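Thanks for coming. I will take a few minutes to walk through one structure, so please have a look at it before I start.

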Amino acid sequence: MKAIILFGHGARDARWREPFDRLAELWQAQHGAVPVELAFLEMMQPSLEEAVATLGAKGARDITVVPVFFGQGGHLRNDFPVLLDACREKFSQITLSTTPAVGENVAVLQAIIDFGASAL
């Protein structure tokens, strides 16, 4: 079974998480056959390891991690690969892959431009 993890930074303010919850809800509504979990680098739960464990317990064997970051900053270049490698080692029966940061996708950038243009 395939699954997806939407991976964000995390924050002290619980309201920061609300758009991530909406993303997961939208995913479920549009792709209900593919389980989704949220995961956070720091300050929020679940962690990447916890999200992989949850999806693995549901039978997922092929998980794609989508970094919901605007760009490839230090966290994605340095911290994220360490966490991903640790999960690959711990959950060797699960194939873990990743995408670039969502902000590097031209469609995402265009959506932001369109959003800004609609405000004019």
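First, a caution: what you see is a predicted model.

Let me start with the sheet. Four strands make up an open sheet, in the order β2-β1-β3-β4, and their pairing is parallel. In general, strands of a sheet pair through backbone hydrogen bonds, and they may do so parallel or antiparallel. At the edges of this sheet are β2 and β4, the latter covering residues 95-98, and each of them pairs on one side only. From one strand to the next, the twist averages 25 degrees.

Two helices to point out here. Helix α1 packs on the sheet and touches β1 and β2, with its direction at about 160 degrees to that of β2. Helix α3 also packs on the sheet, where it touches β1, β3 and β4. The direction of α3 makes about 165 degrees with that of β4.

Now the pair β1 and β2. These two strands run parallel and are joined by five bridges. Within this pair, I4 stands opposite V36 in β2. To get from β1 to β2, the chain passes through helix α1, residues 18-30, and this β-α-β crossover is right-handed.

Stay with β2 for a moment. Is this strand, residues 36-40, mostly covered or mostly open? Mostly covered: five of its five residues are buried. That holds on both faces, with V36, L38 and F40 buried on one side and E37 and A39 buried on the other.

In soluble globular proteins, nonpolar side chains tend to be buried together. The largest nonpolar core here has 21 residues, and those that touch the most other members are I5, F7, L48, V52 and I63. Which elements give two or more residues to this core? They are β1 at 2-8, α2 at 48-57, β3 at 62-67 and α3 at 74-90. Take V52 as an example. Leaving out neighbours within four places in sequence, V52 is in contact with I5, I63, C87, F91, I94 and L96. There is also a second, separate core of nine residues, and among them are I4, L6, V36 and F40.

On to charges. The count of salt bridges comes to five, and I will show some of them.

The pair I would look at is K58 with E37, whose closest N and O atoms are 3.3 Å apart. Are the two partners buried or exposed? K58 is partly exposed, with a relative accessible area of 49%. E37, by contrast, is buried: its relative accessible area is 18%, and the cut-off for buried is under 20%. Not counting residues up to four places away in sequence, E37 touches I4, I5, L6, A51, T54, L55 and K58. I4 and L6 in that list are also members of the second core, and I5 belongs to the largest one.

Another salt bridge joins the side chains of D13 and R15, at 2.7 Å from N to O. D13 is partly exposed at 35% relative accessibility, and R15 is exposed at 57%.

A further one is formed by D85 and R88, at 3.5 Å from N to O. These residues are three apart in helix α3, so about one helical turn separates them. Both count as partly exposed, D85 at 45% relative accessibility and R88 at 35%.

Last, the backbone. Most residues other than glycine have a negative phi, and most peptide bonds are trans. Where does this model depart from that? The bond joining Q45 and P46 is a cis peptide bond, with omega about 5 degrees. M43 is partly exposed, at 41% relative accessibility.

That is the tour; I can go back to any part of it.

Methods. Residues are numbered from 1 along each chain as its sequence is written. This is a predicted model: local features need pLDDT of at least 70, side-chain atom pairs count only at pLDDT 80 or more; totals for chains, interfaces and linings use all residues. Side-chain values use heavy atoms; hydrogens and water are left out. A nonpolar core is a set of buried Ala, Val, Leu, Ile, Met, Phe, Trp, Tyr and Cys residues joined through side-chain atoms within 4.5 Å. Buried means under 20% relative accessible area, exposed over 50%, partly exposed in between (1.4 Å probe, protein chains only). Contact means heavy atoms within 4.5 Å. Two strands pair if DSSP finds at least two bridges between them. A crossover is right-handed if, with the strands pointing away from the viewer, the path from the first strand over the helix to the second runs clockwise. A salt bridge is a side-chain nitrogen of Lys or Arg within 4 Å of a carboxyl oxygen of Asp or Glu. Axes are lines fitted to C-alpha atoms, for helices over the stretch in contact, and angles run from 0 to 180 degrees between N-to-C directions.
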